[in-house]
Amino acid sequence: MTSIVGIICKDGVVIGADSSATFDDGQIRTMEQPTEKLEVIGSHVIVAGTGQIGLGQRFCAIVQKTWEAKGFQKSAIDVSRSLSKSTIQDFAETQARPGNYGALVAFPCERKYHLCEFSVRDFQPELKTDHLWYCSMGSAQIITDPFLAFIREIFWKDGRPEVPEAIFAATWTLDHAIKINAGGVNGPIRIAVLEKGKDSQFEARLLSDVELGEHRQNVEEAKTLLRSFRLHHQPVDQITVPPVPKR
């Protein structure tokens with residue numbers, strides 16, 4: 001069970017994930033334990049997957065091989081198509097059926113940054129754009145999609161956010177999913193960003209616990225403000241007008 005969120009920003013890409021791995025015997029879940037669902041490859045590519053862990057390992061190996069072979073020095077469409085084709089072929093070699101793995105990948109190419117969603121249904125790629133710059137995947141998608149729509153309505157009416165805003169949104173969305181899901185999605189939350197480094201090259205990194213702590217605090221402050229809004233808009237008691245005395 002997984003919950004992952006991806007947001008392409010004005011200045012980079014943010015991908016977040018929960019950290020719960022669920023074990024099963026093919027019919028029922030047997031146990032749950034923490035695991036890492038975000039992979040940073042070559043210090044420049046972020047991969048987050050949902051579905052079978054073994055398929056995720058194979059996909060990360062394909063991304064690693066593609067990066068080392070300088071396969072990201074193409075257009076974003078060509079990079080996405082190449083990863084999709086190589087992965088579908090690899091999965092077919094062991095008769096892995098479609099519908100068992102999907103992924104979000106953030107990567108740089110042509111001096112720009114990109115976020116691509118590889119569908120769980122058929123692993124076809126979809127690049128995020130100015131028209132649709134966020135998405136979520138995994139078992140908690142029924143929770144995270146509406147919450148991201150709420151975030152867009154409140155905070156993103158003017159378009160894509162900047163990286164700090166997106167980290168805040170991803171943190172709040174994943175925290176919300178963890179708290180209300182029916183099981184299988186759990187903390188700790190992990191966030192990775194792709195943004196310009198000191199040499200103006202796009203670099204990928206995982207946020208530290210200290211950085212995540214700051215954004216969790218921002219989420220709590222936002223909740224407090226919403227609670228105070230409710231208190232400030234209580235109905236005003238009607239004023240009682242004394243009767244006019246008779247003459």
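Which residue in β11 is the bridge partner of V14? Keep that in mind as you look around this predicted model, where local features need pLDDT of at least 70, side-chain atom pairs count only at pLDDT 80 or more, and totals for chains, interfaces and linings use all residues. Residues are numbered from 1 along each chain as its sequence is written, and side-chain values use heavy atoms, with hydrogens and water left out.

Start by selecting residues 12–17, which make up strand β2. Strands here are DSSP runs of E, at least two residues long, numbered from the N terminus. In β2, 6 of 6 residues are buried (under 20% relative accessible area, with a 1.4 Å probe and protein chains only). Colour G12, V14 and G16 together, as they point one way from the strand; V13, I15 and A17 point the other way.

Two strands count as paired if DSSP finds at least two bridges between them. Look for I4, which stands opposite A17 of β2, then follow the hairpin of 3 residues that leads from β1 to β2.

Now select residues 190–196, strand β11, which pairs with β2 in the antiparallel sense over 6 bridges. Here is the opening answer: V193 is the bridge partner of V14.

Finally, show the whole open sheet, 5 strands with antiparallel pairing in the order β10-β1-β2-β11-β12. At its edges are β10 (134–138) and β12 (202–206), each pairing on one side only.

Notes: Buried < 20%, exposed > 50% of the residue type's maximum accessible area, 1.4 Å probe, protein only. Helix = DSSP H or I, 4+ residues; strand = E, 2+ residues; numbered from the N terminus.
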